[in-house]
Amino acid sequence: MRMNKRLFLSACLTPLLVACSSLSRKSSSTSQSYPNNPAKRQDIVMQAMAMLDRGYTYGGKKLHTGFDCSGLVTFVYRESAGIALKGSAAQMAEATRAIEVSQAHPGDLVFFNTLGPSFSHVGIYIGDGKFVHAANERTGVKTERLNNAYWSKRFEGYRTVFA
């Protein structure tokens, strides 16, 4: 019997997310850095993975209606870590700090130029050269490899909210 991927992830991640949700969360603006908190980074990655196979909606920022790339990041950061990261991919890039590849950790952001202007697409780095993003209406939220031919040509860098 083949188990549905969403059901499997829900069964695996729900106990962890419930435990994490009982911690107090503090929202604040993205103009400040957050301590390099491994637990928050893990929460971000787990929440991003729990969003796999969700639908894509242009301008979408809600679980029940679907996400676009920046809406997914906004939702995941707010729900998992209490971090208010808002706006378009370009606005998120402006509100975060550029980091070198060697400094990148799961939970950081990855940016791409997919439409011409810089920072037109954003995803969440989950480690091992992979990221989660809201791709398009056909595929929805999915994981990709940074070394994929399409994404590697458009990669603009890693950025972080963490100190």
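Is Asp108 buried or exposed? Select Asp108 to begin: it is buried, because its relative accessible area is 0% (buried means under 20% relative accessible area, exposed over 50%, partly exposed in between, with a 1.4 Å probe and protein chains only).

The model is predicted: local features need pLDDT of at least 70, side-chain atom pairs count only at pLDDT 80 or more, and totals for chains, interfaces and linings use all residues. Residues are numbered from 1 along each chain as its sequence is written, and side-chain values use heavy atoms, with hydrogens and water left out.

**First stop: Asp108**

Asp108 sits in the loop between β3 (97-99) and β4 (109-112); helices (H or I, at least four residues) and strands (E, at least two) are DSSP runs, numbered from the N terminus. Display the side chains of Arg41 and Thr160 next. The Asp108 side chain forms a polar contact with that of Arg41 at 2.9 Å and another with that of Thr160 at 2.5 Å. A polar contact is a pair of N or O atoms within 3.5 Å; within protein, one must be able to donate a hydrogen and the other to accept it, and residues adjacent in sequence count only if both atoms are side-chain atoms.

**Second stop: strand β4**

Select β4. Leu109 and Phe111 point one way from the strand, Val110 and Phe112 the other way, and all are buried. Val110 stands opposite Gly123 in β5. Strand β8 (residues 155-160) also pairs with β4 in the antiparallel sense, over four bridges, and there the bridge partner of Val110 is Tyr158.

The largest pocket has a volume of about 350 Å³. Select Tyr56, Cys69, Leu115, Ser120 and His121, which are the closest to its centre of the 19 lining residues. A pocket is an open set of points on a 1 Å grid, where a 1.4 Å probe fits, with protein on both sides within 12 Å along at least five of seven lines; lining residues have an atom within 4 Å of a point. At least two lining residues come from each of α3 (69-81), α4 (89-94), β6 (130-134) and α5 (149-154).

**Last stop: Glu137**

Glu137 lies in the loop between β6 and β7 (141-145). Glu137 is exposed, with a relative accessible area of 64%. Select Thr57 as well: the C-alpha atoms of Glu137 and Thr57 are separated by 6.6 Å, although the two are 80 residues apart along the chain.

How values were computed:
Grid points are joined across faces, edges and corners, and a volume is the space filled by probe spheres set on the points. Two strands pair if DSSP finds at least two bridges between them.
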